[in-house]
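Subject: A structure for you to look at

Hello,

Here is the structure I promised to pass on. Please open it beside this email and follow along.

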Amino acid sequence: MSDEQQSQNEPQEERPRVTGVVALKAHVMEHKVDTALWATRALTLIFCISYLIPIFGNPHSSYQKVLMSNAATSALRLHQRIPSVQFSREFLTQLLMEDSAHYLLYSIIFMYTSPITMVLAPIFLFALLHFASNSLLLLDLIGQNNALGSRFLISLVEFQHRNILRGAAFVEIFLMPLCTVLLFLGRVSLLTPFVYYRFLTLRYSSRRNPYTRNMFHELRMTLEYTVNKPGIPVFLRNAVNRAIAFISGMAPAGVYQ
């Protein structure tokens, strides 16, 4: 047996996985868009905190920066999902089916309104969830996956993932009546409730994120159970049932299950 054949038959030693700064640099160079998404989500979180605790700047400016950084995140994610732009009806249909397009529209809707704190809640929650997930990968690359901070991020991603998405969907739903009230208060334009309704129908029809649709269902079941209890006035029961029927009739047809 030749030395070459003998070396091939010998068990190969497993090479240790490269970690540290070298691995981090290689990952950044290979995944530029993902790294940019991590950075824009970090900025989103920073600007949200700056808006809530206005120590380092004007709250209105921080509010605008949150929406701009969220728009940048959505645009980058949309580029990942649909890299080539086409001027056709099919492309527009495909574009409107993407969640990132929905949140790009969301940022544009509230970009030029008066600051509404509730608007930032879904943005903050989504940025926190994805930032935590991406940060875990980076910590693993540099060999810090056992640190206290990484365990906190793991708890966010693995144990609070569903609650975070449900909370974001809940806020998105209740922004609809809030926009209507703010219209009469002069804080949003006449178009805002109508465009936001379109955003909400897109979220309801989402193929990848069913939480808005599920939250509508949960709210309906809760309201119907509550108003059908003994002791609830008939006029209130009828009013709630009519409201449920009206809202259910506004749901888009052909929803993805």
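A salt bridge is a side-chain nitrogen of Lys or Arg within 4 Å of a carboxyl oxygen of Asp or Glu. Keep in mind that this is a predicted model.

**Salt bridges**

The structure holds six salt bridges. Start with D99 and R203. Their side chains meet in a salt bridge at 3.2 Å, N to O.

Next, look at E98 and R81. The closest N and O atoms of this salt bridge are 2.9 Å apart. E98 is in the loop between α5 (89-96) and α6, while R81 is in helix α4 (residues 59-81). The two are 17 residues apart. R81 is partly exposed, at 34%. A network of salt bridges links R81, E98 and R207.

A further salt bridge joins E218 and R166, at 2.6 Å from N to O. E218 is partly exposed at 27%. R166 is partly exposed at 23%.

**Aromatic pairs**

How many aromatic pairs does a search of the whole structure find? It finds 12. One of them is Y103 with F199, an edge-to-face pair. The ring centres are 5.7 Å apart, with 70° between the planes. Y103 belongs to helix α6 (residues 99-111) and F199 to helix α10 (residues 191-204), 96 residues apart. Y103 is buried at 9% relative accessibility. F199 is buried too, at 0%.

Y204 and F216 also pair. Their centres are 5.5 Å apart and their planes stand at 65°, so this pair is edge-to-face. Y204 is in helix α10 and F216 in helix α11 (residues 211-227), 12 residues apart. F216 is partly exposed, with 21% relative accessibility.

Y103 and F199 turn up again in one aromatic cluster, together with Y106, F110, F126 and Y196.

**Cysteines**

How many disulfides are there? The count comes to zero. Two cysteines to find are C48 and C179. C48 is buried at 2% relative accessibility. C179 is buried at 1%.

Best wishes

Technical notes: Residues are numbered from 1 along each chain as its sequence is written. This is a predicted model: local features need pLDDT of at least 70, side-chain atom pairs count only at pLDDT 80 or more; totals for chains, interfaces and linings use all residues. Side-chain values use heavy atoms; hydrogens and water are left out. Rings of Phe, Tyr and Trp (its six-membered ring) pair if their centres lie within 6.5 Å; planes under 30 degrees apart count as stacked, over 60 as edge-to-face and the rest as tilted. Helices (H or I, at least four residues) and strands (E, at least two) are DSSP runs, numbered from the N terminus. Buried means under 20% relative accessible area, exposed over 50%, partly exposed in between (1.4 Å probe, protein chains only). A disulfide is a pair of cysteine sulfur atoms within 2.5 Å.
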